[in-house]
Amino acid sequence: MQHDHTYKITEIVGSSKTSVEDAVRTAIARAGKTLHGMKWFEVVETRGWIDGDQIGHWQVTLKVGFVLEG
């Protein structure tokens with residue numbers, strides 16, 4: 001097992017009408033379709049959209065680290 005990886009960091013934004021956690025899970029699942037070797041994430045911003053007097057949806061900005069191949 002190699003332990004001297006080099007990582008690339010990309011920023012993604014996920015959203016959910018349900019919760020912050022669901023927004024994170026949705027973003028990671030979608031990113032996993034095109035980003036391979038993802039190893040970690042960091043939530044760097046949380047915000048929401050207000051619809052009337054209710055929460056319309058949650059939005060999270062994530063930094064995702066993935067291993068550079070080759």
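Modeller: The cut-offs are under 20% relative accessible area for buried and over 50% for exposed, with partly exposed in between (1.4 Å probe, protein chains only). This is a predicted model, where local features need pLDDT of at least 70 and side-chain atom pairs count only at pLDDT 80 or more, while totals for chains, interfaces and linings use all residues. Residues are numbered from 1 along each chain as its sequence is written, and side-chain values use heavy atoms, without hydrogens and water.

Colleague: Which residue forms a salt bridge with Glu21?

Modeller: A salt bridge puts a side-chain nitrogen of Lys or Arg within 4 Å of a carboxyl oxygen of Asp or Glu. Arg25 is the partner of Glu21, with the closest N and O atoms 2.8 Å apart. The two are four residues apart in helix α1, so about one helical turn separates them. Arg25 counts as exposed, at 54% relative accessibility.

Colleague: How many salt bridges does the structure hold?

Modeller: Two. Glu45 and Arg47 form a salt bridge as well, their closest N and O atoms being 2.6 Å apart. Glu45 is partly exposed at 40% relative accessible area. Arg47 is partly exposed at 29%.

Colleague: What is the strand order in the sheet?

Modeller: Strands of a sheet pair through backbone hydrogen bonds, either parallel or antiparallel. Strands (E, at least two residues) and helices (H or I, at least four) are DSSP runs numbered from the N terminus. Two strands pair if DSSP finds at least two bridges between them. Here an open sheet of three strands has the order β1-β3-β2, with antiparallel pairing. β1 and β2 are the edge strands, each pairing on one side only. From one strand to the next, the twist averages 15°.

Colleague: How many bridges join β1 to β3?

Modeller: 10 bridges join β1 (residues 7-16) to β3 (residues 54-67). In that pairing, Ser15 stands opposite Gln59, and Gly14 opposite Val60. β2 (residues 38-51) pairs with β3 over 12 bridges, and Trp40 stands opposite Gly65. β2 and β3 form a hairpin with two residues between them. Gly52, in the turn, has a positive phi of about 70°.

Colleague: Where does helix α1 lie?

Modeller: Axes are lines fitted to C-alpha atoms, for helices over the stretch in contact (heavy atoms within 4.5 Å). Angles run from 0 to 180 degrees between N-to-C directions. Helix α1 (residues 20-31) lies across β1, β2 and β3, running at about 130° to β1.

Colleague: Which residues make up the largest nonpolar core?

Modeller: A nonpolar core is a set of buried Ala, Val, Leu, Ile, Met, Phe, Trp, Tyr and Cys residues joined through side-chain atoms within 4.5 Å. The largest one has eight: Ile12, Ala23, Val24, Ala27, Ala31, Val60, Leu62 and Val64. α1 and β3 each supply at least two. α1 gives the most, four residues.

Colleague: Is Thr61 buried or exposed?

Modeller: In a regular strand the side chains alternate between the two faces of the sheet. Thr61 is in β3 and is buried, with a relative accessible area of 5%. Its side chain makes a polar contact of 3.3 Å with that of Arg47. Such a contact is a pair of N or O atoms within 3.5 Å; within protein, one must be able to donate a hydrogen and the other to accept it, and residues adjacent in sequence count only if both atoms are side-chain atoms.
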